[in-house]
Every structure is written in C-alpha cells, then in structure tokens.
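Biologist: I am new to this structure. Walk me through it, and tell me what backs each label.

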Number of protein chains: 2
Amino acid sequence: MKALTPEELQEMGAEIILSNTYHLYLRPGQERIRRLGGLHKFMHWNHPLLTDSGGFQVFSLHSLVKVSEEGVQFQSHLDGSRHRITPEKAVEIQEALGADIIMCLDECTPYPASHEEAERSLELTLNWSRRCKESHRNPDQALFGIVQGGMYSDLRRRSVETMGEIGFDGYAIGGLSVGESKGMMVQVVGETAPLLPAHQPRYLMGVGTPWDIAQTVQQGVDLFDCVLPTRNARNGMLFTRKGRLVIKNARFAEDDLPIEPGCSCYTCRNYSRAYLRHLYLAEEILAMRLNTIHNLHFYLTFMKEIRQAIDQDRLQEFLKDCHPLREAEEEKEADGSDSSSPCFRKASSLEKSPGRSGMFNSNLKNL
Amino acid sequence: MKALTPEELQEMGAEIILSNTYHLYLRPGQERIRRLGGLHKFMHWNHPLLTDSGGFQVFSLHSLVKVSEEGVQFQSHLDGSRHRITPEKAVEIQEALGADIIMCLDECTPYPASHEEAERSLELTLNWSRRCKESHRNPDQALFGIVQGGMYSDLRRRSVETMGEIGFDGYAIGGLSVGESKGMMVQVVGETAPLLPAHQPRYLMGVGTPWDIAQTVQQGVDLFDCVLPTRNARNGMLFTRKGRLVIKNARFAEDDLPIEPGCSCYTCRNYSRAYLRHLYLAEEILAMRLNTIHNLHFYLTFMKEIRQAIDQDRLQEFLKDCHPLREAEEEKEADGSDSSSPCFRKASSLEKSPGRSGMFNSNLKNL
C-alpha cells in the first residue's frame, strides 16, 4: 500500500489488500516472490490478499496490445520486453504469488462499445474464464470470475448465467468505471448484482467514491477496490463527510482545525490543516503519509458504519443521513471535476463491505 | 524529519530535532508559525528542538548572496523575492519559531580560504555574534555561538576566546565539512574542542559519518547534526556495523536477510533486503520510510552505545571494537566515493551524545 506499513493498515481496520499482478509479474517477478516465500511474507502482510489478473493494467497502460483468442501480448512499460499472458498464465502467476483470492483473466470491454463489439468481447472473456477455471489447481486460493457485457442488460445477464455454470468462488462485476456516466454505472450494477448468487461474494471492480459505494452496496455489492482514497491523498484531496477538501487551498494557511473535526484518525488527532498544507506545498513525504492515513480511515470507517447499518437493518436511514456527502459528490460530477474513469482502476487499495445478505463475511472466512 | 512521524522518532530514542530556519522563514513564515502556537505544536514534537540561524542555507543554496557588515541579502529559491537577514533578524525569526536552542548568525568561512580571508570572515562572525547576544530576549531559549576561523589554529583560538567573553549557553564548531579532508577536519576539532568550556554543550555542525562522530566524541564533542543518515536512506544507502550497503545492488535480489542481521529496528525485524530492493527500484515511498528508520536507528543506537561506553569509562575499547566500521569508512574516503562536503550541512537530523565530562546531559536538562 503506497506510503503505509501493514501495521498502519491493520490498526485502521483494513482486512484485505489488493496487489497488482501486472506490476509484480514484471518486477520483481512471480517466481522470485515464490522463492522468497510468497507475497504475504515478502510484503509482511499476514492477512487476506487479492491479486487481479494483470489484464486490466495490460489494457490500460499499453496502447499497443494484441488481443487474440489465445491471450494478450504486450511490451513491458519498464524495458520494452515482449510478454504474453494467457488465461493459464494468469492463473499460474497468481498461484506463484500466493494471494488468497485470485481473478480470472478478462477483457475489460471499452466504453463506448456497440452491442456486437461488447458481445464479441464477452465471448472472449467467457472462454478465458473457462480456461482459468480448468487450470486452477490450488484449493487454498479462491478463484473469482469477472462479469462483462458492456452496458447491455442482455449481455450482462448472459455473462452471469454462463459464469455461474462454470462455477467460481465469487463473482466480480467488471467493465465499469471506464468512462460511462455515474447513472449508467449504477444502473448496470443494479441490473447485474441481483442476478449473482446471494451466498457468494460480489465484487465491484474499480469503484469508487463513497457515494458510489453507498449506492451499490444497496444493490447488493460486497467488495470494492479503488485507488481513489490513496491517489487523491497523495494529490492533497481529502475526504470528509461534508465533501472533499483541497489542502493546498490558501484558506487553510492558518487553519488550526484538523481535516475533519471529530475524526479519530492519527492525522486528525495530531495535525492542523495549516501544517498539512505546509507539508504538501513543501512536497514532503510525510504529507502523503498523513493524507493517506486520513483518506483510508475515512473509507474504512464509512464501510464499517455501512456494515453496522446493515446488521441493524437501518441502511436506508444511514444513507439518508449521508446527504451532505451525496450532495457534495453530485456537485463534483455536475461540474465535471470528477468522473468514473479507467485511471481509477489502477487500484492499489481494496476495501470490503458485507452484502445485504450478510453472507460475505462467512464466505471470506471459509476461503 | 523527512518521511517519519514524531512518534517514530521518539520510539527509536531521538531526543532532539534540528529544524531549518531558512526554509521555515520562507515558507510558511515564522509569524504564521508563531500564530499557530510555535514550532513544537505546529509539527507535533513536544521535545527539544534546535533551529539553525538560516545563514548556512543562504550561503549554500544561493550563488548570488550579498554579505555586508549589516547582514546577508539573498533571493528566495522559491519565488525570487528579495530578503535580508541580519543578526537581529535571525534571533527574531528563531524567537518566533520557538525552538529550545537557537543559533547565532555566522558566516561559514569557505574552504579553501587564505589566513587573511578567514580572519576577515571571523571578525564578521564575531561582530554578528555580539549583536545576536544583545538582541536575545527569551530566557527559555538557549543561544549558542558558532566558532569559526577556517583551518587556522590561531583564528580558532581567537574565536573561542572572544565567543567565551561574549558568553553563550553552548558553543558550536562551524565551518567544517565544507570540502576539507577528513584528517584536517579531525585536526581542527581536536585543536578547538578542548578550548571550549567543559561544562557547556559543544556542538559540531554538519558532521558526519559514524566514524567521524566516534573520533570527534573522543575529542570532546557532545552534539552533532547531519543529513547523512536520512538523505542516504532516501538514496538507498544503508549503514551497518560492517560498512554501507547499496540496496539496489543486484546481489540483494533474492537475499532473504534483513539489512543487518541482529538489528532490532522495525525494518530489520520485518523486511528482507530483497523486498527493500524491490521497493527502492519501484520508487515506493515506503522504501524511503523503511530505509530512514534503519539508518536513524543505526545512528541513534551507535550514539547510545558511545554514551554507555563513556559512562563505563571504556570508550577506547568500544572504538577499537568498531574497527570494521572504521576500515569501511576509510576505504570509502580513499576511493573518493564519500567526502565531507557542504551538502551534508543541509541537515534535517540531529543527534546528541554526551561529552566526555558527562556534563552535557545535565546542561540540556537545565536549558
């Protein structure tokens, strides 16, 4: 996790981390990590880990990707070397890394895509998913399939049905946060999530803002990953229940308040907005640390409160009480200063929430 | 302290931090810090703080500095704005910042300098020191004078005598680590330190490597500041008792050992050289943190052991046991890969050691 130690993450209640297979495959290499005892030991994190398949980074970081029925070919962004990742290879790499949850290789259907393009892309993902399932050997690793189908209800439905027939330990909804509107994203999730098995984890990839998460939890999503809290923190954008705060703003120059009064995170307990602004403008490493601590604390606390509200059967009331957050985010979207974009998918963080069925926790424990 | 929190420093035994007046004067400004409750509160460090006078950064960061009897004129490296710092202003700025120990404005005599140049420079520093003493008002802040005189014994002696007549709470030896050889540095300290009052702190500015410190503690120095442990850490250069380790080296790619086996720092307890190499090559912020923790732990532990050896009257034996460290550093110097240079004076760290007389601790408590 950029800027933080595993102990810091654990203290603020993080239970699972996402690591990017693409980056680890290129450097230091999965076989090296295997020889060094696996990813948990290598990175000093003795709790659940999820690795993505590497496919998303291949598609998002490279303009020259060759996709075939066989797999994807690309050149390393580090040294230009040529690589090929097949579904079998994606599973093999993730087995060597040794995460608790691993993902099938998929093609992230671009947006916009015609029905024909989305269908062709979906068929490829379905074939790749079958091959991932067939090559999956390690029973200690849960294998998740990824539902694609673009923005088309019939394709999403077909994807869910076929993935269910293949049979996975959990299901992700992919191909969102790729440039479509928030309304479209929420609609696709609303149509797709309820079709997924109620007793298995449902994971919405690359989403999102706190309000995105709140809305899609309502639709039955259990698990999210997003770079937003950590990347925004490094760029001086801080989350509060009343909206976002841009720390470099001159109005904070002599502001003795913490980022969010009442917040119990280490940063808010000990530092003023004025000091955080100073550290940010001076480009200090500590600015990135302290901002990351606050934003992750914000997300993790928000998820915890959502879980409690679900447990107490008062999710609707909880979400109504979040109206300042909703309004702040809707304003952001309206003025175009925020959008669901693929860059949010270069995720380095992952947070968990229980499903409405409350089954996610018990599933996770069984993994 | 770059990359670390105050709590981390405290846990590893740091007792005092140096903050750079020059940087804080330009941004965020001493009056802003005063209004926000002073430097201790601003940076969340409730322990001793020392501020330098700002003069060293003015001289080292600017090619166009105008020095007159009145003071120094320079342009900000941030926005080109013009500034003038006089001895009175240096004290005023440091009073606003509110550190426990503040320094007189001095001219750091360049190296090489003729006897005439060094003498003229010394006279300027002595006059400025008198003016600093006269403008010093706050009895809660200890004011230290800085001994100059270049590499000339007679000038160093004259400097010590005149500074003693003016009368300060402690004395620093300045104008070293500016390009002279190690041998010359050690000789000047050896000639100067014993002339200073035995019952007041003696502070060697901008020094140095562990072996530099060991040698000059023998000569009676109590207090040091140096950027070496923190800057080298950020550049992947790690200190061990057997010499330095360059973490990016390919031979560490699959090295499962910690930086220094047996070291009790957080980094060595939890991470392999292989992982630290990976983080460094991936330019992760965490690499800078973990490396800084190790190097500062190394320095602070080394100082602690020196203090214990002094207390137990076995400093000579302790230093003999450090021969691998000495040899490694002498090799470094011989091959020119390390030198005492002014850049080491852009200090962000400061460590303390007791004097041979053991008076330093009690003096510090009385400050």
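Modeller: Start with an open sheet in chain A: 3 strands in the order S3-S4-S5, with antiparallel pairing. This is a predicted model, where local features need pLDDT of at least 70, side-chain atom pairs count only at pLDDT 80 or more, and totals for chains, interfaces and linings use all residues. Residues are numbered from 1 along each chain as its sequence is written, chains are lettered from A and ligands numbered from 1 in the order in which they are written, and side-chain values use heavy atoms, leaving out hydrogens and water.

Biologist: What makes strand S3 (66-67) and strand S5 (82-85) of chain A edge strands?

Modeller: Each of the two, S3 and S5 of chain A, pairs on one side only. Strands here are DSSP runs (E, at least two residues; helices are H or I, at least four), numbered from the N terminus.

Biologist: How do you know that S3(A) and strand S4 (residues 72-75) of chain A pair?

Modeller: Two strands pair if DSSP finds at least two bridges between them. S3(A) and S4(A) have 2 bridges, in the antiparallel sense, so they count as paired. A:Val67 has A:Val72 in S4(A) as its bridge partner.

Biologist: Why is the contact of A:Lys41 and B:Asp256 called a salt bridge?

Modeller: A salt bridge needs a side-chain nitrogen of Lys or Arg within 4 Å of a carboxyl oxygen of Asp or Glu. For A:Lys41 and B:Asp256, the N to O value is 3.1 Å, so the pair qualifies. A:Lys41 lies in helix H4 (residues 39-43) of chain A, and B:Asp256 in the loop between strand S12 (243-246) and helix H12 (266-270) of chain B, so the pair joins two chains.

Biologist: Is A:Glu107 buried or exposed?

Modeller: Buried means under 20% relative accessible area, exposed over 50%, partly exposed in between (1.4 Å probe, protein chains only). A:Glu107 has 9%, so it is buried. Its salt-bridge partner is A:Arg120, with the closest N and O atoms 3.0 Å apart. A:Arg120, at 48%, is partly exposed.

Biologist: What makes B:Glu123 and B:Arg158 a tie between separate parts of chain B?

Modeller: Their side chains meet in a salt bridge at 2.8 Å, N to O. B:Glu123 lies in helix H7 (residues 115-135) and B:Arg158 in helix H8 (residues 153-166), so the pair ties together parts that are 35 residues apart in sequence.

Biologist: How many salt bridges are there over all chains?

Modeller: A search of the whole structure finds 33. A:Glu8, A:Arg289, B:Glu8 and B:Arg289 are linked in a network of them.
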